[in-house]
Amino acid sequence: MEQRQLFGSSGIRDKVSRELLQLMLRVGASVGSSYCPVVLGYDTRTSSEAMKHSLISGLLAAGSKVYDAGIIPTPTLGYAARNFAAAVMITASHNPPEYNGVKLLNPDGSAFDSGQQNQIELVIQRDSLELAPWHEMEKCLPFNMAVEEHVSRILEDFDNELRLKVVIDCGCGAASLVSPYLLERLGCEIIAINCYPSGFFPRGIEPVPENLTYLIDIVRAVKADIGMAYDGDGDRIVVIDEKGRVIPGDKLLIIFARELGAKRVVTTQEASMIIDEAGFEVTRTKVGDPFVSVALKGGGDFGGEPSGCWFFPKLSLCPDAIHATAWTVKIASETKLSSLVDNIPSYPILRGSVPAEKTIMAKVEERLVSSTNPPLVIKIDGIRLTFEDGWLLIRPSGTELKIRVTAEARSQQRVKELYNWGIQAIKDCSRE
């Protein structure tokens with residue numbers, strides 16, 4: 001694999017190949033040279049077993065002791081990490097099944113920060129890996145209690161008589177091993193779709209509306225109280241109300257935060273302005289759940305990304321769709337989700353992207369600021385121009401040669417205007 005930045009916005013991901021397996025051996029050796037003991041888990045992808053053995057070989061060769069937790073969701077591993085020096089999750093999250101990768105977690109469940117990632121990359125790229133002497137090499141041992149410990153801790157906060165009719169679609173991902181069990185313990189009537197760990201995802205594994213039409217149809221047909229869908233490693237959840245509507249992530253964030261009694265909320269630059277208007281003290285980060293996690297270390301009662309990542313910092317700093325499952329059931333047992341959703345305002349949002357190199361960002365920023373004269377400019381993640389009636393965010397993609405554009409405003413006409421400003425500025429600067 002060529003010399004390049006290995007870590008993206010959420011770990012390392014790539015198509016499965018000889019180079020990726022070789023890289024995992026080196027990642028394991030690099031992590032194992034600094035962290036001991038390590039707990040390891042993996043999602044249901046067909047390549048995860050091969051990836052697991054490559055990583056374990058590197059970890060053990062470096063002298064670390066490894067505990068294999070098996071197929072589990074990332075948040076379950078994140079909770080287990082509290083008893084270890086670090087955790088290694090083999091997953092490519094919502095990428096297609098031909099991809100795989102790795103996420104590295106701290107004992108508090110948070111993702112490795114940029115300093116930790118840089119250290120791992122430096123060791124790998126300098127070819128400075130050192131193996132432990134043969135007599136200091138440790139063993140890989142089973143760790144079979146991760147699911148039970150995670151579920152038991154979640155249940156401490158909830159009544160076990162939440163008798164709702166729930167439809168869940170685990171996408172044949174890692175949530176299949178935990179969510180049905182948790183819901184059963186909560187007392188729910190469960191209709192399970194794709195809740196077996198095949199590794200061949202029967203739907204697009206990213207839980208976005210276009211991949212959930214079958215789930216929506218079933219929620220309506222059986223008159224369920226809730227529908228829920230997960231991504232491949234079970235750290236993201238999308239919720240469908242009893243009317244069969246996908247709840248926008250920005251509104252679900254507000255619903256969760258209110259239920260938790262949160263005052264300080266952490267979210268990203270891309271989240272809706274309805275969150276600021278809901279009365280919370282809001283901290284905004286770069287787009288990506290690791291950035292929300294890092295910000296929560298500095299204080300916050302709840303955090304989330306509209307894409308479906310939800311943080312419950314009293315339990316862990318890992319995005320936890322399993323914990324969110326229980327909160328969703330509790331909330332729906334008290335009030336119909338549709339009424340909560342309809343009582344939160346909606347503003348039109350447009351999202352898109354333009355193929356472009358991120359090197360033009362400086363020119364794009366200069367052009368937009370000079371031509372629009374915004375009252376507030378924020379440069380945490382690309383550039384966000386804030387106006388009295390809306391905002392425009394321009395940021396380079398962390399995974400593709402694209403520049404992403406997001407706009408929100410109080411009217412459809414205004415959001416189109418803001419969005420078109422962003423698209424046109426990128427196109428103009430690309431041609432120059």
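Helices α13 and α14 are oblique to each other, a word used for angles that are not under 35 degrees (roughly parallel), over 145 (roughly antiparallel) or 65 to 115 (roughly perpendicular). This is a predicted model, in which local features need pLDDT of at least 70 and side-chain atom pairs count only at pLDDT 80 or more, while totals for chains, interfaces and linings use all residues. Residues are numbered from 1 along each chain as its sequence is written, and side-chain values use heavy atoms, with hydrogens and water left out. Helices (H or I, at least four residues) and strands (E, at least two) are DSSP runs, numbered from the N terminus.

**Helices α13 and α14**

- Helix α13 covers residues 361-372 and helix α14 residues 412-431; they pack at an angle of about 130°, with axes 9 Å apart.
- Axes are lines fitted to C-alpha atoms, for helices over the stretch in contact, and angles run from 0 to 180 degrees between N-to-C directions.

**Helix α5 and Ile-154**

- Ile-154 sits in helix α5 (residues 146-155).
- Ile-154 has a relative accessible area of 0%, so it is buried; buried means under 20%, exposed over 50%, and partly exposed in between (1.4 Å probe, protein chains only).
- Not counting residues up to four places away in sequence, Ile-154 touches Leu-182, Leu-315, Ile-322, His-323 and Ala-326.
- The axes of α5 and helix α6 (residues 179-186) come within 11 Å and cross at roughly 35°.
- Ile-154 is among the α5 residues making this contact, and Leu-182 is among those of α6.

**Ser-316**

- Ser-316 lies in the loop between β14 (309-311) and α11 (321-334).
- Ser-316 counts as buried because its relative accessibility is 6%.
- A polar atom of the Ser-316 side chain lies 3.0 Å from the backbone nitrogen of Cys-318.
- Leaving aside neighbours within four places in sequence, Ser-316 is in contact with Gly-78, Tyr-79, Asp-108 and Gly-109.

**Helix α1**

- The buried residues of α1 include Leu-20, Leu-23, Met-24 and Val-27.
- These buried residues of α1 pack against β1 (12-15), α2 (48-61), β5 (99-105) and α4 (114-125).

Key:
Polar contact = N/O pair within 3.5 Å; in protein donor to acceptor, adjacent residues only side chain to side chain. Contact = heavy atoms within 4.5 Å.
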